[in-house]
Amino acid sequence: MSVAAAINGKQAIFFDLLHTLVSADAAPGKPTHEILGVTKPEWREQTFAASHSRLTRSDLEPYEITRSMAQAINPQIPETLIQEATAQRAARFEETLKNPPETTLRVLESLRAHGIATALITNADVIETIGWPRSPLSDLFDCTVFSWQVGYAKPNSRIYEHCLNEMQLDPTEAAFVGDGGSDELSGARAVGLTVVFAKGLMPELTASEISKRERTAHHAIDSLAELIP
């Protein structure tokens, strides 16, 4: 059975945002790690594994978020570079949300045209979603769940349950589509959602990491277009 056929009977599809629907990797401007003078692996470790609190707090200022992450790598990074990195990071994420891939827009519009509701469940801080109100994506979801707003992040079951409650759905009536970062696929599966591993926009992963995510998911796709009924 194709993944499109498998999800065609669902009432709703829940999506991850970063590296599933959009990717900031190709956004114009200098990447944060280059501005701060740290390595890409060091910055990825901070963004994906070592800075959970920024994802679950609504009281953090953008500068404070960048400063805490940067100084966790190197306490000697100058304030001027942290300020520059904060501004550039916000600008790059805003540009990313303002110009999502055409495939992403086409898939979301097609699902909704087929009567399938769409929801967003994303681990993100205030910087990463600052441009959301101006994104064409913002009108394509029946429910939007940002971790920094609700106070818990994937793979915590509560973030998926929050969305299910908002949508008034049972887990068997929905599917979750994501690149698998933050162990989100296992979290979605534990709740009872049908899980789809989306490979198209994910960052660099080893073969073993990809294999693990494929084993966790019920289905794997190379392109979001495979979801279109």
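This is a predicted model: local features need pLDDT of at least 70, side-chain atom pairs count only at pLDDT 80 or more; totals for chains, interfaces and linings use all residues.
Student: Which hand does the crossing of helix 3 and helix 5 have?
Tutor: That crossing is right-handed. Helix 3 brings Glu42, Trp43, Gln46 and Thr47 to the contact, and helix 5 brings Met69, Ala70, Ala72 and Ile73.

Student: How many residues of each class are in that contact?
Tutor: There are 5 nonpolar, 2 polar and 1 charged. Trp, Met, Ala and Ile count as nonpolar.

Student: Now the charged pairs. What makes aspartate 125 and arginine 54 a salt bridge?
Tutor: Their side chains come to 2.6 Å, N to O. The cut-off is a nitrogen within 4 Å of a carboxyl oxygen, so the pair qualifies as a salt bridge. The structure holds 15 salt bridges.

Student: Why do you say that aspartate 125 and arginine 54 tie together parts of the chain?
Tutor: Look at where they sit: aspartate 125 is in the loop between strand 2 (117-122) and strand 3 (143-146), while arginine 54 is in helix 4 (residues 52-55). The parts they join are 71 residues apart in sequence. Both aspartate 125 and arginine 54 are buried, too.

Student: What meets arginine 89 in a salt bridge?
Tutor: Glutamate 128 does, at 2.9 Å, N to O. Arginine 89 is in helix 6 (residues 79-98) and glutamate 128 in the loop between strand 2 and strand 3, so this pair links distant parts of the chain, 39 residues apart.

Student: Why are arginine 89 and glutamate 128 called buried?
Tutor: Buried means under 20% relative accessible area. Arginine 89 has 2%, so it counts as buried. Glutamate 128 has 7%, so it counts as buried as well. As for linking up, Arg54, Arg89, Asp125 and Glu128 form a network of salt bridges.

Student: What about glutamate 94: which residue does it form a salt bridge with?
Tutor: With arginine 134, and the closest N and O atoms are 2.5 Å apart. Here glutamate 94 is in helix 6 and arginine 134 in the loop between strand 2 and strand 3, 40 residues apart.

Student: What is the peptide bond from lysine 154 to proline 155 like?
Tutor: That bond is cis, with omega near 15°. Proline 155 is found in the loop between helix 8 (147-150) and helix 9 (157-167).

Student: How do you know that glutamine 168 is exposed?
Tutor: Exposed means over 50%, and glutamine 168 has 71%, so it is exposed. Glutamine 168 also has a positive phi of about 55° although it is not a glycine, and its place is the loop between helix 9 and strand 4 (174-178).

Student: And serine 182: buried, exposed or partly exposed?
Tutor: Its relative accessible area is 30%, so serine 182 is partly exposed. Serine 182 has a positive phi, about 60°, without being a glycine, and lies in the loop between strand 4 and helix 10 (184-191).

Conventions:
Residues are numbered from 1 along each chain as its sequence is written. Side-chain values use heavy atoms; hydrogens and water are left out. Helices (H or I, at least four residues) and strands (E, at least two) are DSSP runs, numbered from the N terminus. Buried means under 20% relative accessible area, exposed over 50%, partly exposed in between (1.4 Å probe, protein chains only). A crossing is left-handed if the near helix is turned anticlockwise from the far one by less than a right angle, and right-handed if clockwise. Contact means heavy atoms within 4.5 Å.
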